[in-house]
Amino acid sequence: MIIEGKKRLWQEYQKEIADDRYFYVRSCVRQNFFPASEKVFLRILKEELGKDVYENAAHTTCSGIGYHSDVVPFETAMTVIARQFSLMTESGYEHFVTSCITSFGLYSEVLETWKHFPDVLQKVRGYLKEATGRTFELPKNVAHASDVIFRFRNEIASRGTHRLVNHLTGKPLRVVEHIGCHYSKMFPSKGVGGAEYPYVLVGMIEDWGGEVIDYPERRHCCGFGFRQYIVRANRGYSIANSKKKFESMKPYQPDFILTNCPGCPMFFDRWQYALSEMEGVTYGQNGEGIPVLTYEELSGLILGYDPWDLGLQVHQVPVEPLLDKLGIPYDPETKFAGKDGQDLGRPDAPTHMKFF
Amino acid sequence: MKEFGYTVHKERLIDYDRNDKRVLNHLKKHEPSVLTCIACGSCTATCSAGQLVDFNIRLVQTLLRRGEIEPLKKEVRKCMLCGKCILICPRGVNMRNLILAIQTAIDKLQ
Amino acid sequence: MTRTTVIIGGGVAGMTAASRLADLGEQVILLEREEQVGGHLRNWDRLFPNRRPGYEVLNYLTEELGSKVDIRCLQTVTTIFSGERDFQLQLASGKSLRCDALLLATGFDLFDARRKEEYGYAIYDNVITSAELEELFRSGAPITTRQGKVPKRVGFVHCVGSRDEKAGNLYCSKVCCVTGVKQAIEIKELFPEAEVFGFYMDLRMFDRHFEEMYYEAQQKWDINFLRGRVSECAENQDQSIVLKIEDTLTSRPLKMTVDLLVLLVGFVPSPETLRLAAMLDLPVGEDRFLEPADEHTKSTLTVKPGVFLAGAVKGPFSISNAIADAGTAALQIHAYLKTL
């Protein structure tokens, strides 16, 4: 691998990321999948970095799940998105930040459509006015939340208590990074580092002391899809894609997988469990799985937040081996205690994957 | 093993690194004219069997070269050995002997 | 008054035109940007279709030039003023030149393979270009992977930067197909045990002896041609390259590891050509190559009297075709000068 070649490409795909006053829109599913991620993002931005982040309670789904499952027409999706922009305009913000990758892709797709077809924009303004009486301005800057963390990665590192180094051996942790397809595959120029060699997560990993693994199936989709997962009979297709990736990354012995999409960490995490139950295979060392983190969860670990406050206990692949490598203390007794101290119940141990 | 109501799909790609080249190597010795095929399809268009059943004699050499033994086994059985394809082939590939030699190689493997 | 022709570009076309014009009694000044004339031919080891050494042709062209042409190397034209019936050239050296006729023979550049990001050129250790392979052949150095291994499987990717609208080049670069077949044979000559693959969309064996060479590649050298455009490459742990392609003849995706992957890079118009064309107000085609006055009948003339074109300024050319074209240009220039 010739790292200079990648660096040259990364230089070509720089993108503007606003540095304050964000209008933040949440994902439909992430609070179920990774309950603390969005909360941690807000905590880091507001409390650690002192940024102005605003959320409007009236914001809805972007309709991306429906759009990608062929049940929401594009006109409807555009009108829903126009309404989000009107909430942003009303609240006095211009920098739009999305938590979800598919939303980010859909916002980009809609804005690009309006740029090339101004008559479509006029039509959508009409639809929104007719349906809700609202008007809107276009955002000055659209970023994915991982772009924002990327932008402040050095500030996070300097405030952090941990680095991506194995505290027993002193060696950098080896990390697989996986970018959501809708982050830059549709519009390479809208992603930090482009689409073939995205830099957004690589930048975090490297500047936080870790080492990035580039394995053959790196660019392959995690397999989430939408139609593919939603219908149970199709899930074999979804899991086969994840399996292809696990098999390709396994020889590199990754310490964990870092992701920036709602779906990818969900499926990397849950499918490792499902594959272990269906085929008896595990992809980490010594019968362990490969822990999977969102970039917010990782930022939280770097900043020394309590792993159970980051919601890491709801991951299906246990994260304890990673916490041990990082030298992050945790209390096994409180793993399944809720925020109010009430016992959440303990899941059944998997048959093959090592459980803690 | 647990049942979740779905199974892991098998990959449908040709994994060239893993495929078995023994039949191909046999053919390179016993019917080297196969190497000169340009996949023009004139054999398939004129093939007696291919008019009536799902048989593509051009595909036989392609599967052979990729080491796709399982589909190859099924394919060679469909040939009626009439020889029309040899008559038409612009590169002079001896298809009758190709089919026979593939069968011989497959038999040897088993 | 002596009539002078300035030829800009001392590659195959420029050298040939200079010799022909001198033979016709014209006074010629040949300007070359590099230290020596010869252009891309200087970097090429052996030529298709007969695999003769490139230096044979280069030596022939050089000997032909002899001392009958005023060759000026390390010269760049900064500006051109078009007069009523002549041209004033300002050179970067500070000198200026007057001429009655001007021949643009500034040739082409090779496509920058880094632009096909998915192939990982200049990122993955064992992805090289056809020009680099040729340079390796020419140097006589042992051909190995970057890790020093003898390659057991080598792939050639056709149409890199050609027939690719997304790369901005819709056109076919014409000579890469035959170059790929030539280089594949040369790899087999060096490594008879190696498996060699050509990944192609069409094999355009357009000229004499080319199809025979392709036949030889299959029949004698057992080179495997797989129809499909390589869609992406990645690096394995041992730095070999794994590529994904559709095997369009079975309609299935195919994955394969190669030790060395050679990208057959196409032609692109050189920025120098376009800069000179802009100064002379010459029409440029949609493919960004220069347009002659008439594609069929005035292929070395331009719409501007006194300005002529030869070789790859007009698109992809083989050496034989560039030599023939340059001869035609010389005759056209000679005929033009007689009218002055």
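Predicted model: local features only at pLDDT ≥ 70, side-chain atom pairs only at ≥ 80, totals over all residues.
Reader: How many salt bridges does the rule find across the interface of chain C and chain B?

Author: Six. There are also 17 residue pairs in polar contact between chain C and chain B, both residues at pLDDT 80 or more. A polar contact is a pair of N or O atoms within 3.5 Å; within protein, one must be able to donate a hydrogen and the other to accept it, and residues adjacent in sequence count only if both atoms are side-chain atoms.

Reader: What is the area buried between chain C and chain B?

Author: About 2000 Å², with 45% from carbon and sulfur atoms. Buried area is the accessible area (1.4 Å probe) that two parts lose on being put together, summed over both. In chain C, L249(C), R252(C) and K255(C) lose the most area to chain B, together 30% of what that side buries.

Reader: Why are strand 1 of chain B and strand 17 of chain C said to pair?

Author: Two strands pair if DSSP finds at least two bridges between them. Strand 1 (residues 14-15) of chain B and strand 17 of chain C have two bridges, in the parallel sense, so they pass. Strands here are DSSP runs (E, at least two residues), numbered from the N terminus. I14(B) stands opposite L254(C) in strand 17 of chain C.

Reader: Into which domains is chain C divided?

Author: Domain 1 covers 4-107 + 270-339 and domain 2 covers 113-266; the bounds come from an automatic or database domain assignment. Between them, these domains of chain C bury about 1700 Å², 57% of it on carbon and sulfur atoms.

Reader: What makes E216(C) and R51(C) a salt bridge?

Author: Their closest N and O atoms are 3.6 Å apart, so the pair meets the cut-off given earlier. Across the interface of domain 1 and domain 2 of chain C, the rule finds four salt bridges.

How values were computed. Residues numbered from 1 in each chain as written. Chains lettered and ligands numbered in written order. Heavy atoms only, no water. Salt bridge = Lys/Arg side-chain N within 4 Å of Asp/Glu carboxyl O. Helix = DSSP H or I, 4+ residues; strand = E, 2+ residues; numbered from the N terminus.
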